[in-house]
Amino acid sequence: MDGLAFLGEMEEMDERVKWGRRAQQGLRGKTGPLGPIGEKGDQGESGKKGPIGPPGDKGNIGNDGPLGPKGDKGTRGDPGEPGVCKCGDIILKSAFSVGITTSFPQERLPILFNKILFNEGEHYYPSVGKFICAIPGIYYFSYEITVADKHLAISLVHNGEYKIKTFDANTGNHDVASGSTLLYLKPEDEVWLEIFYADQNGLFSDPSWADSLFSGFLLYADTDYLNAWSDDDF
């Protein structure tokens, strides 16, 4: 038998085997009716993660969470722009220069210099004739008094104490008596001029040609006193 005839017989034999098997199994019948629902089985394994859905609508703002811990100190920032100097605003000022429009004041009382030439800080009070200290420190005081008709015995007074005295003996002509000094003053200290001897009150003033003047000003403030006062107050 040649090779082609052998292959033909083999194919024919395979067909006979297939038909024999089909004859043994029979033909597949129609699908039967749906049976009753069985009991719930055990939960199966989780399936694979599905694709990400589209973004949902924005929700309402929630409540603030608790305060977190303090963070680390940041790095130093860049230097700012230079500030504007206001040094002149902190300079303490007190100064006055006053004259008088009447002559021959009463002795042993503050002389009322009622002509205000200058009164920085309003620390000189013409109604009582006194300078009352508001800024503690070193002050310079001076006076120039025109003298006429009588002798003059005048003193610069600090809190009731005669600090400097000037005596001028009138010889029938007009004269000028003057004096100056430095004083340390505390707040509420008082300074004034006073005729200290009876009938020696030759102070003269004529606004048309002669003045009698009393002046004073703060040289520098006592910063130690101010700092101590500030510490006690605050």
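User: What makes a residue count as buried or exposed here?
Analyst: Buried means under 20% relative accessible area, exposed over 50%, and partly exposed in between, with a 1.4 Å probe and protein chains only. Both Phe-131 and Phe-141 are buried, and Phe-96 is buried as well. This is a predicted model, in which local features need pLDDT of at least 70, side-chain atom pairs count only at pLDDT 80 or more, and totals for chains, interfaces and linings use all residues. Residues are numbered from 1 along each chain as its sequence is written, and side-chain values use heavy atoms, without hydrogens and water.

User: How many aromatic pairs does the structure hold?
Analyst: There are 12 aromatic pairs. Rings of Phe, Tyr and Trp (its six-membered ring) pair if their centres lie within 6.5 Å; planes under 30 degrees apart count as stacked, over 60 as edge-to-face, and the rest as tilted.

User: Why is the pair of Phe-96 and Phe-141 called tilted?
Analyst: The ring centres are 6.3 Å apart and the planes stand at 50°, so the pair is tilted.

User: What makes the pair of Phe-131 and Phe-141 edge-to-face?
Analyst: The angle between the planes is 70°, with 5.7 Å centre to centre; the criterion for edge-to-face is over 60.

User: How do you know that the charged end of Lys-130 sits over the ring of Trp-192?
Analyst: The charged end of Lys-130 is 4.6 Å from the ring centre of Trp-192. A charge sits over a ring if NZ of Lys or CZ of Arg is within 6 Å of the ring centre and within 35 degrees of the ring normal.
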